[in-house]
Structure formats: C-alpha cells, structure tokens
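Me: I am new to this structure. Can you take me through how to read it, one feature at a time?

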Amino acid sequence: MRGSDGSAKVKLDIEKDRRLSAAEDILRIARSEDRASFVRLFMAFAPRVKSYLRHQGLSSEAAEDLAQETLINVWRKAGSFDPSRASASAWIFTIARNLRVDALRRERRPSLLTDGFSSQSEPKTPEEVYVGRERERGVRQALNALPREQLEVLRMSFFMGRAHGDIAEELNLPLGTVKSRLRLAVSHLRTRVEQR
Amino acid sequence: MLSVHPSTGVLWDHASGALPTAPAIVVAAHIELCAGCRATIATFEEVGGALLCDAPVAPMGLAALGRVLKCIEQAAHPEAPIGGRCSRWSARLRASGQRDLWPILLRTPASARRQGQPAEVFICVLAGGFRSGGAVYRAGDFGEFRRGGFIKPTILRRGRLRALVAMRRPREGGWALGSVGPKHTRTYT
C-alpha cells in the first residue's frame, strides 16, 4: 500500500479507476441488467471475496460458494446500491460479511430466526449524503497514512477476523502491543475521516 | 440527541462481523437510531472495502462464472429497491404489530437468571430510561457493562422502560438475548 510517491500515486489512480468503474458497473446492472458489467464485477471481486472468506476460516469450497452467492446478491440488490452512501467495494464487502455471518449462524443455531441484518440504513439528511461521498476518500487516505505495523494489525483483526491473542502469537508481539496498535489505528481512522 | 454510545471497539467488531448474534442485534438497534454511530460504521465498512480491493486474489473454479450467470438468468430481474432500507430485526418487530413480544426468539432459559451477575451486558433503550453507575440511559442510548458493572439499575419511570438486552453468561460464556417491556421481562437464548 505504501511505496515511493510516484508509484503510490499511480497505484492510487489505478485503484480509483477500478472503484469508479465498479460503481458504474453496479449502476448499469440496476438500470439495464447489463451482463458485461456483471462479468467485469465478477472477475474483479469474486476472487477477492473468496480470499476474504478464506482468511475468515472458511474452506476453499465454502468460500467459493459464498463468493458466488455474494456476486449473485450484487446482481439482485444492484438497485439498492447508492454510490453516495458507500463505495462499490464497501457495499460488496458488507454483502460478503453478512452472508458469512448468516452462514456461521445457520451452522451454530439452525433454529435462530434472526438471520442477517444490515447496519446500514438510508441517509436522512443532505449532510449524511455529502459525508458518505467524502468518507471513501478519507478512509483511503487514512489507510495510506497508517504506519505499516498498524495496518498489518488492522488487516489481521478486521479482514482476517483474528482474535487479539492470535495476532500477538503470530506476530510474536505482546498482547498489549497488538491492542494499542489496533486502538491507535482505529482512532487515527476515525479522526482523519471525521475531520473532513 | 443520544448521549451514550457503543465503544469504538464494539462498533469495530460489529462492522467486521465479529460480534455474536445477541450483542450484534442490540448494537444494530442503537445504530438505527444514531446517525453518528451509523457514520462510524460506514467508515469502518469503507475500511473493509479498501482491504477487499487490496486483498490477494484466490482463483475461482473454472465453472464458477458459468454457474453464477445461469443463476442470475433464472433469477430474472434484479430486485427493485424497496424504499427506506432498515435492518431486518426492526422490520420484524414492526411487522409483528406486537408491542411487548419481540418476535426474535425462541425459548426461555431459566439458566440465564440462575447464573448470577452476567459477565457482559449490552442494552439499547427503546423507550423510557434507567440510571446505572451515575449515568442516565434514555431512549436510543446504548449501555455497555462489563464484569459486574451493571448493578441495580434504577428505572426512571417504572413501567415505561423498554429495552433490548444482550448478556453474556458468567459460566458458560454464551450470550442470551432478551427484552424488557412494560409488563414483563423476557429472556431468549
């Protein structure tokens, strides 16, 4: 994520293009059921969603099944995607996360009726819409500004679903160091994004 | 204006999907009522999106795309957006039309009460309020208590408190989900 200024800028530009085109692809699916857009999204995101789910402890087969289900949900729910509220990648991430949570829930408690929920709801004010647009940019910049060791702990906690103790063991660090790095990283993210 | 919110750690765990079901439902109840916490969750979900973009690719099977395309052909049209998304837990509550019985669950375990002081308690106040440890919790507020911190809460106006409660049992460690209503307290597993 970090590198020399020039290469980092090129990478950021490429990522920005990819993100913008992903959002446009989702909107095209919503508008005109565009299969070509869907195929592009599938090629870009299905392998990454599978990677996320593998990191969360799913078997290769289960991760592949859930990655497919995630992209099917992208197709089905494209009409509810609002680029002013979340980026395409964040929206796809929440779909994958919710499917993983639902799958775990079904596995543990087949009788539970509370299958799945979303933490997102409609923005209520123009200010929230504006904040939504700015949020993605702020998060990207804040992530790029994080020290490498904080980013590593953040990724392992959030993306890979590892417990603090497991991270400490894997990185050969005291538990307190892991907790403080994560606390600093999250605090930095909140501060940077909320300052905008 | 809500005054008591989940800690950043709890919001982080909620956004990453790490919270167990019972506390996740209570946090979701607060998030629906709190624009500030919604914004924080949205920020954390953007982190998830950014990490997803940066994730290494895990190649999909050769037939995966074909299977998915076949599936979306059978699914016909993408779902039309339904105005005003909300979390499913409250949709269930609204649909039920019942004021005191939360249609969330299930069976009533006496074990939750027999085990004494819970190890962790999350509460989202839906109506009324209570006082605990010098703080006042009113409608929309979120209480987060650990290791015996939830001691003898005082209900502000008896009979008016409605709240969604998740508590972690001290011995077995599992979470229970419950609701407090004007006429009864109900505990779910």
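Me: What scores does the model have as a whole?

Reply: This is a predicted model. It scores ipTM 0.79 and pTM 0.78.

Me: And what pLDDT does chain B average?

Reply: The average for chain B is 74. At least 70 is reached by 66% of its residues.

Me: Which elements of chain B have the highest and the lowest mean pLDDT?

Reply: Helix H1 (residues 8-16) of chain B has the highest, at 92. Helix H6 (residues 111-114) of chain B has the lowest, at 46.

Me: Where does pLDDT stay under 50 in chain B?

Reply: One such stretch is residues 92-113 of chain B. The model has 31 contacts beyond four places in sequence for it. Another is residues 82-86 of chain B, with nine such contacts.

Me: Now chain A. How many helices and strands does it have?

Reply: Chain A has eight helices and zero strands. Along the sequence, the pattern reads α-α-α-α-α-α-α-α. Of its 196 residues, 39% count as buried. Take the contacts in chain A between residues at least 6 apart in sequence: 62% of them join residues at least 24 apart.

Me: How do I read two packed helices?

Reply: Two packed helices are described by the angle between their axes and the distance between those axes. Here, take helix H6 (residues 148-159) of chain A and helix H3 (residues 35-54) of chain B. They pack at an angle of about 105°, with their axes 11 Å apart.

Me: What does that angle say about H6(A) and H3(B)?

Reply: Angles of 65 to 115 degrees count as roughly perpendicular. H6(A) and H3(B) are therefore roughly perpendicular to each other.

Me: Which residues make the contact?

Reply: H6(A) brings Arg155(A), Phe158(A) and Phe159(A). H3(B) brings Val47(B), Gly48(B) and Leu51(B). By class, the contact of H6(A) with H3(B) has four nonpolar residues, one polar and one charged.

Me: Last feature. How do I read a sheet?

Reply: Strands of a sheet pair through backbone hydrogen bonds, either parallel or antiparallel. In chain B, an open sheet of three strands has the order E3-E2-E5, with antiparallel pairing.

Me: Which are the edge strands?

Reply: Strand E3 (135-138) and strand E5 (154-155) of chain B are the edges. Each pairs on one side only.

Me: How many bridges join E2 to E3 in chain B?

Reply: Four bridges join strand E2 (residues 129-132) of chain B to E3(B), and the two run antiparallel. As one example, Arg131(B) has Val136(B) in E3(B) as its bridge partner.

Technical notes. Residues are numbered from 1 along each chain as its sequence is written. Chains are lettered from A and ligands numbered from 1 in the order in which they are written. This is a predicted model: local features need pLDDT of at least 70, side-chain atom pairs count only at pLDDT 80 or more; totals for chains, interfaces and linings use all residues. Axes are lines fitted to C-alpha atoms, for helices over the stretch in contact, and angles run from 0 to 180 degrees between N-to-C directions. Angles under 35 degrees count as roughly parallel, over 145 as roughly antiparallel, 65 to 115 as roughly perpendicular and the rest as oblique. Two residues are in contact if their C-beta atoms, placed from the backbone, lie within 7 Å. Ala, Val, Leu, Ile, Met, Phe, Trp, Tyr, Cys and Pro count as nonpolar, Asp, Glu, Lys and Arg as charged, and the others, Gly among them, as polar. Two strands pair if DSSP finds at least two bridges between them. pLDDT is the predictor's confidence in each residue, from 0 to 100. A residue is buried if 20 or more other C-beta atoms lie within 10 Å of its own, exposed if 12 or fewer, and partly exposed in between; C-beta atoms are placed from the backbone.
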